[in-house]
Amino acid sequence: MPNANEPILLTEGRHVLHLFFSIEQGQWDLLDPRSKIEAKTAMASLVQEIRAEPDTQLLTFSVVTPKADLGFLLVTPDLHVADAFAKRLTLSLGPDILSPEFAYLSVTERGEYSTTETEYAATLEREEALTSGSRAFEKKIEAFRVKRDKDEKERLEPHLPDWPVICFYPMSKRRADGKNWYELDFATRKKLMGAQARIGETYEGKVQQLITGSSAMDDMEWGVTLFAHSTTPIKDFVYEMRFDEVGAKYDDFGAFFIGLQLPLDALFHRLGL
């Protein structure tokens with residue numbers, strides 16, 4: 001039998017688990033005041049325990065629409081840890097209080113279409129007339145390596161921001177006749193994704209993205225989490241992406257969830273607990 005205490009770790013990166021719950025208000029109202037205080041204290045203690053786990057992050061947020069009442073975003077390297085904490089969060093206010101509405105499992109991953117060092121070197125020679133091996137050429141190559149390594153680390157081991165608005169949605173690429181993303185060759189896909197990436201760059205400082213892979217892990221192929229200081233840049237960002245060639249021809253979107261990051265005391269108050 002497998003050892004339940006043996007970590008199940010990714011080769012690199014983190015597991016990412018989005019959890020959305022509704023409050024069974026009728027069940028909550030049956031609790032006496034002391035039991036309610038104990039329940040909230042238990043959830044608060046669990047949240048602190050999760051956040052103290054090495055290489056683990058947990059966000060708490062209120063879901064704005066009636067799709068759910070509250071949500072958690074858990075990022076951790078060990079699948080056992082993700083599973084155990086998810087089950088404990090479900091029961092953290094007591095039995096039958098939190099009702100699961102939606103959950104999504106994915107993992108952080110490297111960028112498949114990132115510019116390679118060879119491609120960047122060719123660009124320097126072609127567009128900037130720099131000679132390979134020259135001091136100016138090597139200086140730019142070294143700067144490229146530093147940025148590439150930094151970007152890869154941020155993708156694999158993201159630091160989740162405390163920006164107030166959080167948006168999550170799953171998505172996939174289409175396989176329809178005549179619009180099958182997976183029938184395109186790699187060079188074509190890379191060119192198309194490069195155009196999308198340039199749109200994303202225009203929102204730097206306004207929208208922070210966490211794009212995670214979920215093939216064979218959940219119903220769609222990627223999870224997209226967006227952070228911002230208001231809903232406007234998120235709306236503008238997604239709207240603009242849908243008119244990009246990739247978005248218009250090949251992207252399928254799942255349900256959208258909008259949340260507001262709140263500390264637990266404010267979240268309890270918002271939820272009427």
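Author: Let us begin with burial: a residue is buried under 20% relative accessible area, exposed over 50%, and partly exposed in between, with a 1.4 Å probe and protein chains only. Helices (H or I, at least four residues) and strands (E, at least two) are DSSP runs, numbered from the N terminus. This is a predicted model, in which local features need pLDDT of at least 70 and side-chain atom pairs count only at pLDDT 80 or more, while totals for chains, interfaces and linings use all residues. Residues are numbered from 1 along each chain as its sequence is written, and side-chain values use heavy atoms, with hydrogens and water left out.

Reader: Which residues of helix α9 are buried?

Author: In α9 (residues 264–271), the buried residues are Leu 264, Leu 267, Phe 268 and Leu 271. They fall within an arc of 100° when seen down the axis of α9, so they line one face of the helix. The arc is that of the directions from the helix axis to the C-beta atoms. Asp 265 and His 269, on the other side of α9, are exposed.

Reader: What covers the buried residues of α9?

Author: Contact means heavy atoms within 4.5 Å. The cover of the buried residues of α9 includes β1 (15–23), α1 (25–29), α2 (33–52), β2 and β3. Just after α9, Gly 272 has a positive phi of about 75°.

Reader: Which strands pair with β2?

Author: Two strands pair if DSSP finds at least two bridges between them. β2 pairs with strand β3 (residues 70–76) in the antiparallel sense over 6 bridges, and the two form a hairpin with 6 residues between them. Leu 58 has Leu 74 of β3 as its bridge partner. β2 also pairs with strand β11 (residues 257–261), again in the antiparallel sense, over 3 bridges. There, Phe 61 stands opposite Gln 261.

Reader: Is Ser 62 buried or exposed, and which residues does it touch?

Author: Ser 62, a residue of strand β2, has a relative accessible area of 7% and is therefore buried. Not counting residues up to four places away in sequence, Ser 62 touches residues including Asp 69, Leu 70, Ile 258, Gly 259 and Leu 267.

Reader: What category does Ser 132 fall into?

Author: Ser 132 counts as partly exposed, because its relative accessibility is 46%. Ser 132 lies in the loop between α4 (117–127) and α5 (135–156). Its contacts, not counting residues up to four places away in sequence, are Glu 125 and Phe 137.

Reader: How many residues of strand β5 are buried, and which strands pair with it?

Author: In β5 (residues 165–173), 9 of the 9 residues are buried. Val 165, Cys 167, Tyr 169, Met 171 and Lys 173 lie on one side, with Ile 166, Phe 168, Pro 170 and Ser 172 on the other. β5 pairs in the antiparallel sense with strand β9 (residues 222–228) over 7 bridges, with β11 over 4 bridges, and with strand β10 (residues 251–253) over 3 bridges. As for individual positions, Val 165 has Ala 228 of β9 as its bridge partner, Ile 166 stands opposite Gly 259 in β11, and Lys 173 stands opposite Asp 251 in β10.

Reader: Which residues other than glycine have a positive phi?

Author: Among them are Asp 55, with phi near 55°, and Asp 96, with phi of about 70°. Asp 55 is in the loop between α2 and β2. Asp 96 is in the loop between α3 (79–90) and β4 (98–107), and it counts as exposed because its relative accessibility is 55%.

Reader: What may be said of the chain as a whole?

Author: The chain has 9 helices and 11 strands, and buried residues make up 42% of its 273 residues. Among contacts between residues at least 6 apart in sequence, 77% join residues at least 24 apart.
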